[in-house]
Amino acid sequence: MKKHWWNDKIAYQIYPKSFLDTDGDGIGDLKGILSKLDYLKELGVDIIWLSPIYKSPFVDQGYDIPDYFSIAEEFGTMEEFDLLLNEAKKRDMYIVMDLVVNHCSDQHPWFQKALADPDGEYADYFYFVKSRDGKAPSNLRGYFGGSVWEPVPGTDKYYLHMFAKEQPDLNWENPRLRRQIYDMVNWWLEKGLAGFRIDAIINIKKVLSFPSYEPDGPDGLAFCTKMVDEASGIGDFLQELKRETFARYDAFTVGEVFNMKEEELQEFIGDEGHFSTIFDFSAHILTFGDHGWYDEKPLEFEAWRSALFQAQKEVQSVGFLANIIENHDEPRGASRYLPTWAQNDAGKKMLATTSILLRGIPFIYQGQEIGMTNCRRSDISEYNDINTLDQYKLAVEAGCTKEEALQCCFEHSRDNARTPMQWSAGPNGGFTDGTPWLAVNPNFTQINVEEQQGRPDSVLSYYKELIALRKSPEYREIFAYGDLVPAFEELPGIFAYWRVDRETGRRILVAGNYGTEAQVISTAPGAKLLLSNLPQSGTEVSSGSSESEQLRLEPCGCAVVLI
Ligand code: GLC
């Protein structure tokens with residue numbers, strides 16, 4: 001496998017709207033990000049991914065873009081962005097932006113021109129498709145509910161939008177559109193951007209006959225991923241995109257790829273792959289319901305562990321995955337992957353350890369490093385996210401009470417991750433002097449950066465130690481490139497694996513106890529404890545035994561041991 005500059009890096013996702021507001025409008029901004037570069041550097045971050053900061057009507061929080069070349073006023077100016085690139089560079093850090101090119105905003109001049117002349121050149125930048133029997137061309141349901149088709153006013157055509165109706169899908173079959181996209185991507189790379197996180201990219205290939213599918217809900221519609229699954233030939237687009245843009249700049253790219261066919265892993269992230277890496281969503285999809293959040297299945301520890309191991313196994317000889325426990329579309333990892341009784345500092349450190357030391361590029365989402373959690377709301381009006389409003393409605397229509405529907409939102413809402421970053425115990429968690437665009441999680445008085453910064457046993461201090469260990473000159477290679485071999489799968493509640501250096505045979509054991517009973521693991525003579533979250537009582541590699549050494553892990557205990 002070829003080595004790349006990003007193989008051993010630590011990435012961090014910033015959701016700019018909720019990171020830090022410096023001008024009192026209740027919305028985070030670039031100046032806020034600039035002022036926290038040293039904080040991120042100290043944490044050990046190398047690559048910063050910014051969720052969209054382009055000008056936008058924010059129907060889907062910036063994932064609806066009417067102008068790919070300008071910065072949203074709410075966030076700041078292009079000069080500030082250039083300064084950010086510069087300041088990051090000074091610190092040996094890299095900035096990566098979101099690339100949202102499955103769709104744009106309905107405010108984009110391309111779409112406006114298409115509407116003005118539905119038979120003209122720009123209509124072919126989108127999917128303007130003739131109605132069938134006076135109805136929408138097919139029966140697909142979009143990601144945010146309702147039909148993916150919206151009438152084009154004054155015509156017998158509909159346009160396609162797999163997300164909100166304000167996010168019309170771009171027609172990648174049109175070479176002129178593709179050229180415009182490549183020029184735009186190069187414009188940013190030319191500025192010094194290190195790469196992109198590539199949004200919803202699997203959706204760019206459609207089945208052009210736009211068939212209907214077996215309905216899967218009472219609305220008579222079928223979920224649009226059915227078409228995505230059936231579409232073939234996306235590789236040609238992605239190879240061209242790479243060739244025309246990323247490859248010329250040795251850019252780092254991470255794809256948001258759901259619904260990939262298993263055999264395509266090599267094509268996506270092999271040596272000649274479309275992207276540097278893709279996110280591992282294998283754990284996230286485990287609990288998906290058949291109809292929505294209201295029928296999601298509970299997370300089973302063993303299924304979770306084996307999904308992650310399986311993904312690691314598949315990728316090992318192919319490339320690198322990007323590992324996450326949460327992002328701006330998911331609930332908080334600490335609330336999702338830790339059993340209720342383990343949702344404490346020790347549990348959060350354990351979750352950090354077993355996920356950040358996996359093979360792949362760790363992506364930390366803002367606030368994860370202090371253990372931010374899901375946020376309970378008492379009414380749907382307190383939510384902002386378009387997807388949450390749709391899922392709440394779905395739950396109520398399916399017969400849930402208001403309380404049950406709100407419980408679904410508490411467990412699954414994208415707003416759980418979008419509440420403002422908790423910097424201090426001061427007003428609004430130190431996020432803003434104004435009124436935050438989305439209310440701060442009330443637990444900011446206990447969970448905040450300021451409190452944890454000065455405390456050696458805080459979650460934040462532990463993240464710093466963990467990242468420093470992963471990046472230390474001694475262990476950097478093994479954590480970046482070493483194989484991952486699952487271990488002690490027979491022990492209840494134990495999530496453990498070896499990281500093995502193929503050449504030297506050197507091994508590091510990473511183990512966490514997600515169960516309710518203490519467990520004893522046999523290691524080897526001379527084992528050396530590199531890191532542990534319960535140093536006083538929980539984890540010990542005892543000395544004295546000549547044959548084997550014992551590692552005792554209390555519930556929520558974790559350890560990293562060099563053999
Ligand atoms: C991706 C983004 C999500 C957005 C969607 C449409 O899944 O992560 O936030 O709503 O694409 O752009």
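**Entry 1. Helix 11 and helix 16.** I looked up how the axes of helix 11 (residues 345–356) and helix 16 (residues 459–471) meet: they come within 10 Å and cross at roughly 20°. Angles under 35 degrees count as roughly parallel, so I wrote down helix 11 as roughly parallel to helix 16. The crossing of the two helices is right-handed. I note here that the model is a predicted one.

Next I listed the residues that make this contact. Helix 11 supplies Asp 345, Lys 348, Lys 349, Ala 352, Thr 353 and Ile 356. From helix 16 come Val 459, Tyr 462, Tyr 463, Leu 466 and Arg 470. I sorted the contact residues of helix 11 and helix 16 by type and got six nonpolar, one polar and four charged.

Entry 2. I then turned to an open sheet whose five strands run in the order 16-17-18-23-20, with antiparallel pairing. Which strands are at its edges? They are strand 16 (483–487) and strand 20 (528–532), and each pairs on one side only. On average, neighbouring strands in this sheet are turned by 20° against each other, direction ignored.

I checked where the helices of the first entry sit. Helix 16 packs on the sheet and touches strand 20 and strand 23. The direction of helix 16 makes about 140° with that of strand 20. Helix 11 lies across strand 17, strand 18 and strand 23, and runs at about 145° to strand 18.

**Entry 3. Strand 18 and its partners.** Is strand 18 (residues 507–513) largely enclosed or left open? Six of its seven residues are buried, so strand 18 is largely enclosed by the rest of the structure.

I looked at its pairing with strand 17 (residues 494–500), which is antiparallel over seven bridges.

I then followed strand 18 to strand 23 (residues 558–562), where the pairing is antiparallel over five bridges. Leu 509 stands opposite Val 561 in strand 23, and Ala 511 has Ala 559 of strand 23 as its bridge partner.

Entry 4. I found another open sheet, with three strands in the order 6-9-8 and antiparallel pairing. Strand 6 (128–130) and strand 8 (149–151) stand at the edges with a single partner strand each, so one side of each has no neighbour in the sheet. Neighbouring strands of this sheet are turned by 40° against each other on average, direction ignored.

I also looked up strand 8 and strand 9 (residues 157–160), which pair in the antiparallel sense over three bridges. Pro 151 stands opposite Tyr 158 in strand 9.

Entry 5. Most residues other than glycine have a negative phi. I noted two residues with a positive value.

Phe 210 has a phi near 40° and is found in the loop between strand 10 (195–198) and strand 11 (222–223). Is Phe 210 buried or exposed? Its relative accessibility is 3%, so Phe 210 counts as buried.

Asn 428 has a phi near 50°. I located Asn 428 in the loop between helix 14 (415–418) and helix 15 (449–453). Its relative accessibility is 22%, so I recorded Asn 428 as partly exposed.

Methods. Residues numbered from 1 in each chain as written. Predicted model: local features only at pLDDT ≥ 70, side-chain atom pairs only at ≥ 80, totals over all residues. Heavy atoms only, no water. Axes fitted to C-alpha atoms, helices over the stretch in contact; angles between N-to-C directions. Helix = DSSP H or I, 4+ residues; strand = E, 2+ residues; numbered from the N terminus. Parallel < 35°, antiparallel > 145°, perpendicular 65-115°, else oblique. Left-handed = near helix turned anticlockwise from the far one by under 90°. Contact = heavy atoms within 4.5 Å. Nonpolar A, V, L, I, M, F, W, Y, C, P; charged D, E, K, R; others polar. Pairing = 2+ DSSP bridges. Buried < 20%, exposed > 50% of the residue type's maximum accessible area, 1.4 Å probe, protein only.
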